[in-house]
Amino acid sequence: MEKFERYIFTALCSTNFLVSCLLFSKITREQREPYMDEIFHVRQAQKYCYGKFNEWDPMITTLPGLYLASVGVIKPVVWLVDLTGKVVCSTAMLRFINLLFNCGILYLLYLIICKLHLKEKTKTASRRVLSALSLSTFPVLYFFNFLYYTDAGSTFFILFTYLMTLYGCHKASALISVFAIFFRQTNIIWVAFCASTVVANKMDETWRTEQSKKKDDKSPCQIPFSVSGVKRVMRFLLEFLTTANHVKAVMLVAWPYILVAVGFIAFIVLNDGIVVGDRSSHEACLNFPQLFYFFSFALFFSSPTSLCYHRALRFIQNLKKQPLLYLLITGLCLLLVWKFTFVHKYLLADNRHYPFYVWKRIFQKHEVVRFALIPAYVFAAWNFMDTLKSRSLFWSLALLVCLLAATVPQKLLEFRYFIVPYLLYRLHMPLPSLTRLVLEFLFYTAVNAATLYIFINKTFQWPNSPAVQRFMW
């Protein structure tokens with residue numbers, strides 16, 4: 001890290017923390033009591049603070065990573081400054097833990113960006129710093145830094161796991177991934193992604209060697225987007241996974257992740273499922289449109305950095321070159337939307353969340369709307385893949401498989417579930433220009449300002465309840 005870049009980044013970290021603290025103070029004054037799912041999280045964390053580790057709230061569905069981390073931070077502080085009374089493990093103190101995670105997320109984002117874009121032009125210090133700052137203010141994630149939810153800690157440990165994977169510290173990566181799983185069980189998918197990148201590197205090396213021998217293949221590392229190309233990839237995968245030398249080479253590198261996977265399988269067997277606590281509201285299903293919702297979500301939030309005239313023109317040219325392929329894709333999307341659209345009861349019942357209004361004002365307007373949006377889904381998916389075209393063949397396949405595993409089984413449309421895959425997507429895009437990064441930061445800042453303003457000022461009450469209700473992600 002250059003000296004000037006180090007100073008600039010340190011100053012931005014300090015400024016970010018100061019601004020976040022001011023916002024935290026305002027939000028905590030306005031909403032002193034636990035709100036929404038905080039009611040369960042705060043109550044459980046306070047039990048841990050009082051040493052009641054054998055008591056568990058049946059409404060909580062995640063492992064106790066958040067509560068253990070909170071007690072691990074708060075208890076030493078309490079002993080050092082001799083705090084007593086209600087301030088110990090109060091709602092405000094517990095929420096503050098997520099601000100600390102936010103600082104860590106900013107630093108991890110910066111380190112990952114430096115590692116991923118090491119081979120790009122040298123004069124990118126300002127772009128690296130601004131890109132990390134912008135992503136640390138990603139609206140869906142940033143909002144939950146001020147409430148006692150699992151998102152900040154979960155994201156922190158997944159990013160930490162991935163950073164260690166990038167540096168080749170696979171034992172450390174696997175160890176940190178256990179903490180990520182303790183925050184949210186579904187993080188096992190992103191641990192699998194980290195392991196898959198190790199496998200993908202081995203596959204890419206082998207694929208590059210084989211394809212470079214063919215004189216007619218000018219881009220041996222790119223995804224062969226055709227029927228014949230898919231056949232070639234499938235044959236290669238089958239051969240690779242059935243070759244003892246290849247499997248042995250992968251096992252020697254990826255064994256720490258395999259141990260984590262074995263431990264997770266043991267947990268599922270002992271727990272009789274992935275969910276702890278209330279399982280009735282977290283039933284898995286094949287909700288394929290969730291993938292389309294994610295692509296649309298990614299297109300919206302990456303629009304300042306991914307959308308441009310040339311990309312739109314290239315999409316139109318692709319449509320003209322391969323009309324039958326896109327017609328087939330559209331037909332498949334129609335089938336998936338028709339037969340595999342599921343709507344969770346919470347989505348229809350809770351008018352405090354933004355997805356409720358997205359569903360009500362778009363999807364419920366008319367039955368035909370969900371089919372009319374398919375062309376937009378196709379473009380959003382194409383844009384997603386086109387922005388990652390510089391990434392290698394099997395890395396892209398690993399990301400898509402993990403994205404399917406993370407989104408499709410979810411019945412509930414919840415934007416928080418999109419945080420980690422979106423950050424991974426955005427981190428692996430080519431480093432945007434300074435102008436685009438400024439636009440992205442201003443866009444995120446505007447969305448954050450709007451959502452925080454609405455949360456604080458636009459309160460309402462339900463007819464049969466005196467409690468103040470607030471809008472949130």
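**Reading the features**

Tutor: Let us begin with one cysteine: Cys169 has a relative accessibility of 34% and therefore counts as partly exposed. Buried means under 20% relative accessible area, exposed over 50%, and partly exposed in between, with a 1.4 Å probe and protein chains only. This is a predicted model, in which local features need pLDDT of at least 70 and side-chain atom pairs count only at pLDDT 80 or more, while totals for chains, interfaces and linings use all residues. Residues are numbered from 1 along each chain as its sequence is written, and side-chain values use heavy atoms, with hydrogens and water left out.

Student: How many disulfides does the structure hold, and which cysteines form a disulfide?

Tutor: The structure holds 1 disulfide. Cys49 and Cys89 form it, with their sulfur atoms 1.6 Å apart. The torsion about their S-S bond is about -60°, so the disulfide is left-handed. Distant parts of the chain are linked by this pair: Cys49 belongs to helix α2 (residues 38-49), and Cys89 to the loop between α3 (65-81) and α4 (91-116), 40 residues apart. Helices (H or I, at least four residues) and strands (E, at least two) are DSSP runs, numbered from the N terminus. Cys49 and Cys89 are both buried.

Student: How is a pair of aromatic rings described?

Tutor: It is described by the distance of the centres and the angle of the planes. Rings of Phe, Tyr and Trp (its six-membered ring) pair if their centres lie within 6.5 Å; planes under 30 degrees apart count as stacked, over 60 as edge-to-face and the rest as tilted. Across the whole structure, a search finds 63 aromatic pairs. In one of them, the ring centres of Phe9 and Tyr110 are 4.3 Å apart and the planes lie at 25°, so the pair is stacked. This pair joins distant parts of the chain, with Phe9 in helix α1 (residues 3-30) and Tyr110 in helix α4, 101 residues apart.

Student: Are Phe9 and Tyr110 buried or exposed?

Tutor: Phe9 is buried at 4% relative accessibility, and Tyr110 is buried at 1% relative accessible area. Another pair is formed by Tyr162 and Phe193, whose ring centres are 5.6 Å apart with planes at 40°, so the pair is tilted. Tyr162 lies in helix α7 (residues 151-166) and Phe193 in helix α9 (residues 188-212), 31 residues apart.

Student: How are two packed helices described?

Tutor: They are described by the angle between their axes and the distance between the axes. Axes are lines fitted to C-alpha atoms, for helices over the stretch in contact, and angles run from 0 to 180 degrees between N-to-C directions. Helix α14 (residues 323-339) packs against helix α18 (residues 374-387) at an angle of about 115°, with the axes 10 Å apart.

Note on methods
Disulfide = S-S within 2.5 Å.
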